[in-house]
Amino acid sequence: MWYAQGELARARAEAERSLRLSEEDAVTAFAHNITGYIELAVGNAEAARVCFEHSVSGFRRVGQSWGAGNALAGMFEENFI
């Protein structure tokens, strides 16, 4: 929600909190994914790529192809920054 409202610092803090609290599951993959989009929004393409890579592998591990596709789309966006 913070990301959608443009509160990038708060969004990053909450996504990082989610990563610390979660186990290796879809929640972790989603937290990596949203963190990737946050990093893109602040212009940190390298950090975004790392987050998206973690997200893709996490979503694939739990069998959620829609999530892997979303993270791959983020990696595609990264190329335009």
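What you're looking at is a predicted model, where local features need pLDDT of at least 70 and side-chain atom pairs count only at pLDDT 80 or more, while totals for chains, interfaces and linings use all residues. Residues are numbered from 1 along each chain as its sequence is written, and side-chain values use heavy atoms, with hydrogens and water left out.

Now for the overall layout. The protein chain has four helices and zero strands (helices are DSSP runs of H or I with at least four residues, strands are runs of E with at least two, and both are numbered from the N terminus). Following the sequence, you get the pattern α-α-α-α. Along the principal axes, the C-alpha atoms fill a box of roughly 30 × 30 × 20 Å. The radius of gyration of the protein chain is 12 Å, which agrees with the value near 12 Å for a compact globule of 81 residues. That radius is taken over C-alpha atoms, and the globule rule is 2.2 Å times the number of residues to the power 0.38.

What about inside and outside? Of the 81 residues, 31% are buried. Buried means under 20% relative accessible area, exposed means over 50%, and partly exposed is in between, using a 1.4 Å probe and protein chains only. The protein chain exposes about 4,900 Å², with carbon and sulfur atoms supplying 54% of it; accessible areas come from the Shrake-Rupley method with a 1.4 Å probe, and for residues only the protein chains shown count as cover.

Next, have a look at the rings. The structure holds two aromatic pairs. Rings of Phe, Tyr and Trp (its six-membered ring) pair if their centres lie within 6.5 Å; planes under 30 degrees apart count as stacked, over 60 as edge-to-face and the rest as tilted. Tyr37 and Phe52 have ring centres 4.9 Å apart and planes at 75°, so this pair is edge-to-face. Because Tyr37 sits in helix 2 (residues 26-41) and Phe52 in helix 3 (residues 45-61), the pair ties together parts that are 15 residues apart in sequence. Both Tyr37 and Phe52 are buried. The other pair, Phe59 and Trp66, is tilted, with 5.3 Å from centre to centre and 50° between the planes. Phe59 counts as buried because its relative accessibility is 1%, whereas Trp66, at 55%, counts as exposed.

Thr35 is in helix 2 and, at 5% relative accessibility, counts as buried. Leaving out residues up to four places away in sequence, Thr35 touches Ala15, Leu19 and Cys51. Over in helix 3 you'll find Ser55, which is buried with a relative accessible area of 0%. With residues up to four places away in sequence again not counted, Ser55 touches Ala29, His32, Asn33 and Ala71.

Finally, turn to a loop. Glu24 belongs to the loop between helix 1 (8-21) and helix 2, and Glu24 is exposed, with a relative accessible area of 57%. Glu24 and Val62 are 38 residues apart along the chain, and their C-alpha atoms are separated by 9.0 Å.

Technical notes
Contact means heavy atoms within 4.5 Å.
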